[in-house]
Amino acid sequence: MVTKSKMQLWLMVVTVAVMALGMASGEGLDFSEYIEVERFCYPEQHKNTRKSCECINENSPPWGLRVVHIDCSFKNLNTEDFSEMLPLYADRVDLTWNSLRRVPMLSSDTLRLLNLMHNNISSLSSRNFINVGNLQELYLGWNSIQSIEANAFEGLGYLLVLDLSHNNLHQLSFQIFSPLKTLESLSLSWNRQLNQSEGIQELDFYQNYGLNVKLRALKLEACNLANLTLPQQVVLKELDLRRNGLTEVPDHLPSSLEKIDLSENLFLTLSENDSKRLMQIHELYMEDMPRLHTLEENAFVPLHSLEKVSFQNSRGLATIHGHAFGENATRPPHLHSMIFRGTGLRTFNATLAPVFFQLSSLDLQGMQLHCNCKLVWLKDLALETNGRCFKPSRLRGILLTSADPNAFSCERWPRWVYGLIILALIVLCSVCIYWIVMCLRPYGKVTMRRKVGPGSPYSRVTIMPNRQEYY
């Protein structure tokens with residue numbers, strides 16, 4: 001007995017054959033003649049109702065084969081509303097923003113992408129995707145998944161992208177990802193209690209969970225990890241460890257790694273020892289670091305492959321050593337971009353000039369720069385850094401590139417010395433005034449005031465009335 005899925009496959013083969021014959025004969029065929037798909041075609045029990053999903057016909061490159069994209073988003077659908085068999089030639093299914101509490105069982109030989117984000121799914125059951133074996137992209141982020149059964153991904157031998165971010169995963173089963181033989185991108189970000197999974201920080205991450213060596217991108221943002229162990233001989237290119245509890249670069253990282261994000265971790269400094277574990281890195285991100293305060297001497301020396309580095313919004317970063325690139329200030333040969341936007345740095349040592357003058361991009365926006373004689377060399381850069389002066393007050397708010405170089409002066413003594421000099425002058429003036437007053441006073445016992453008495457011209461005089469006034 002011929003099953004429905006086999007019939008779909010047979011019809012697709014016949015269609016392709018007819019199209020090939022048409023191309024061979026030189027006649028342009030309109031493929032829409034062979035496929036008739038209703039606009040609101042799925043699910044079966046809700047066809048052409050307000051709960052019906054929109055089916056969009058498209059031509060898939062490079063051969064122009066007809067595929068169907070099914071949009072079921074924002075329909076308030078439950079798992080029970082879906083029928084197992086998808087329409088013929090279904091290529092993508094969007095089930096986002098519904099009320100699903102579990103993944104519906106779907107069946108299709110052509111389905112390539114399944115998006116289940118923003119639902120209420122709490123678990124993945126065994127063999128949940130067994131009938132969509134050609135699936136290449138599976139998105140399960142922004143749900144409430146707490147558990148994944150051991151064989152949940154069985155049958156997904158062609159899956160390339162798996163997104164499990166923003167869920168509630170506490171435990172990952174041993175060898176949970178072993179059926180995914182071709183997986184290239186895995187996201188487990190924002191599973192805040194994933195660190196409770198046994199051995200996740202101590203054991204080899206690949207061996208423990210069955211990841212294939214072809215994985216190219218691993219995202220573990222905000223998983224409360226304090227350490228991570230990865231094998232050396234894999235082809236991993238991108239690693240996201242943002243917003244964890246790392247205090248230093250993990251010891252064991254793949255030699256193939258090109259991009260790493262260590263932002264929002266608990267580093268105090270970036271040292272030469274940290275950099276030695278990142279020798280192959282092309283892009284380094286250490287943004288929004290709450291405790292980072294220093295880039296130490298020789299911190300960038302081991303980074304021979306570095307192309308871009310960003311310390312954006314690491315507000316505690318106040319010091320970059322004058323020999324951060326070594327005593328000879330030799331930049332990595334491929335370094336072209338540095339971002340210090342929003343950091344606490346106030347100035348740069350002139351020993352960094354050979355490195356900065358070879359950059360194609362330098363971002364100093366949002367920094368409180370002290371535009372004095374120590375920073376005047378930065379005006380000679382042929383780049384627009386968007387840096388603005390904060391001190392002295394006469395230059396506050398002016399772009400570094402627009403400021404007058406003659407105004408970049410340095411005070412010979414610290415400000416407190418000037419304060420002491422002013423105070424000493426005030427005291428000296430007071431003493432001088434006192435002695436002048438004292439010197440102007442009469443000598444001896446003569447006083448400036450006299451007592452009023454009988455012999456004083458100021459003594460009291462009694463005026464008697466004229467007696468003639470009474471006569």
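Q: Which residues touch the most other members in the largest nonpolar core?
A: Phe153, Phe177, Phe300, Phe340, Phe348 and Phe356, out of 112 residues in that core. A nonpolar core here is a set of buried Ala, Val, Leu, Ile, Met, Phe, Trp, Tyr and Cys residues joined through side-chain atoms within 4.5 Å; buried means under 20% relative accessible area, exposed over 50%, partly exposed in between (1.4 Å probe, protein chains only).

Q: Is this a prediction or what?
A: This is a predicted model, where local features need pLDDT of at least 70, side-chain atom pairs count only at pLDDT 80 or more, and totals for chains, interfaces and linings use all residues. Residues are numbered from 1 along each chain as its sequence is written, and side-chain values use heavy atoms, with hydrogens and water left out.

Q: OK, where does that core lie, and why?
A: Domain 1 (37-168) and domain 2 (267-413) both give residues to the core, so it lies between them. The domain bounds come from an automatic or database domain assignment.

Q: What's Phe340 in contact with, leaving aside neighbours within four places in sequence?
A: Its contacts (heavy atoms within 4.5 Å) include Phe348, Phe356, Leu295, Phe311 and Met367.

Q: How much of the whole chain is buried?
A: 42% of the 471 residues count as buried.
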